[in-house]
Structures are given as C-alpha cells and as structure tokens.
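I opened this model to look up a few local features and wrote down each one as I went. The entries follow in the order of the look-ups.

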Amino acid sequence: MNFQVTVLKILVSYPDGFALMADLKRDMAILATSGSDWAERTRRLGSLVPDLDIFSQALIERMNGGWRITQKGRAVLEFMEARPSRPEPAKDPPEYSSPAAPLPVLARSGRRGRRQRRRSDHVRRSANAS
C-alpha cells in the first residue's frame, strides 16, 4: 500500500480536506486490512508520480492535531486519478467473418401461449357468468 497516496485519498474524502490524526490512523488501518485491491490501486496511482512527497511538496499541511490536503495536493491526486484518453480506433477495422452455416432460429415453446389462452378463456367465462 502506498502510504502517501492513501493519505491524500483519505483527506480528500473529509469535509474541507481536514482529518484529525486519530481519524487518519483509523481510516488507514481499515484500508490496510481491506484486501489487495486497495494496495494495488494505491501502488498504481503512486507509480504515476514516482517522486511523490506529500510533506516536502506541500500537498498536505499539518494543523490543529491533524492534516489537511492543499489545493496542490488535490491537483496531484486528480492528475493521478485521471483516466487516460481512449486510443483512437484503428483506421482499418478488422474484417468480420460470418459463420459458415446460418445460426438456427430458436422456436418458442407453445405451452406458454396455451396457458395464456386458457387464462383469458377462464376470465371471459367468469365475466359471462356474472
């Protein structure tokens, strides 16, 4: 798990981007034990900014017993989470080859239709009897 990316992700989820140290520690413990998905995600995001240092780059600030994410920290996190643009489609799409034999048409079961007719006949009979 990438500690620095995790701190940024936690802080951005709090109102005003501020969390007390006790809250940060609790959230870090939850995420650290949540499985490999979180660890893989933070490693992948961290690899996009290999020289990431949330303290010396002023991405967070320490204040009043906690940490707060800065605008610069939000911008770096947005950069890491930005989805790469989709590659342009190939100019010449691959040829589609149809199967040698046509696909069979699936017939519907006649039982369902009969049940519906019987019900409607029953409804008509009931209406006529009244």
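Entry 1, backbone. I began with D16, which sits in the loop between α1 and β1 (18–20). The model is a predicted one, and I read the angles with that in mind. D16 is not a glycine, yet I found its phi positive, at about 60°. Most residues other than glycine have a negative phi, so I kept the entry.

I located A58 in the loop between α3 and β2. Its relative accessibility is 41%, so A58 counts as partly exposed.

How many aromatic pairs does the structure hold? I found 1. I traced F55 to the loop between α3 (36–47) and β2 (60–63) and W67 to strand β3; they are 12 residues apart, and the pair links distant parts of the chain. I checked accessibility for both rings. F55 is partly exposed at 33%, whereas W67, at 12%, counts as buried. The cut-off for buried is under 20%, so W67 falls below it.

I listed the largest nonpolar core and got 20 residues. Those touching the most other members are V7, L8, L11, L52, I54, I60 and M80. Two or more residues each come from α1 (3–12), α2 (21–32), β3 (66–69) and α4 (71–81). Which element gives the largest share? It is α1, with 5 residues.

I picked I54 and left out residues up to four places away in sequence. What remains in contact with I54 is Q4, V7, L8, L59 and I60.

I fitted α1 against α3 and read an approach within 8 Å, with the axes crossing at roughly 100°. Angles of 65 to 115 degrees count as roughly perpendicular, so α1 is roughly perpendicular to α3. I then listed the residues that meet: V5, T6 and K9 from α1, and W38, R41, T42, L45 and G46 from α3. By type, the contact divides into 3 nonpolar, 3 polar and 2 charged residues.

How values were computed:
Residues numbered from 1 in each chain as written. Predicted model: local features only at pLDDT ≥ 70, side-chain atom pairs only at ≥ 80, totals over all residues. Heavy atoms only, no water. Core = buried A, V, L, I, M, F, W, Y, C linked by side-chain atoms within 4.5 Å. Buried < 20%, exposed > 50% of the residue type's maximum accessible area, 1.4 Å probe, protein only. Helix = DSSP H or I, 4+ residues; strand = E, 2+ residues; numbered from the N terminus. Contact = heavy atoms within 4.5 Å. Phe/Tyr/Trp six-rings, centres within 6.5 Å; stacked < 30°, edge-to-face > 60°. Axes fitted to C-alpha atoms, helices over the stretch in contact; angles between N-to-C directions. Parallel < 35°, antiparallel > 145°, perpendicular 65-115°, else oblique. Nonpolar A, V, L, I, M, F, W, Y, C, P; charged D, E, K, R; others polar.
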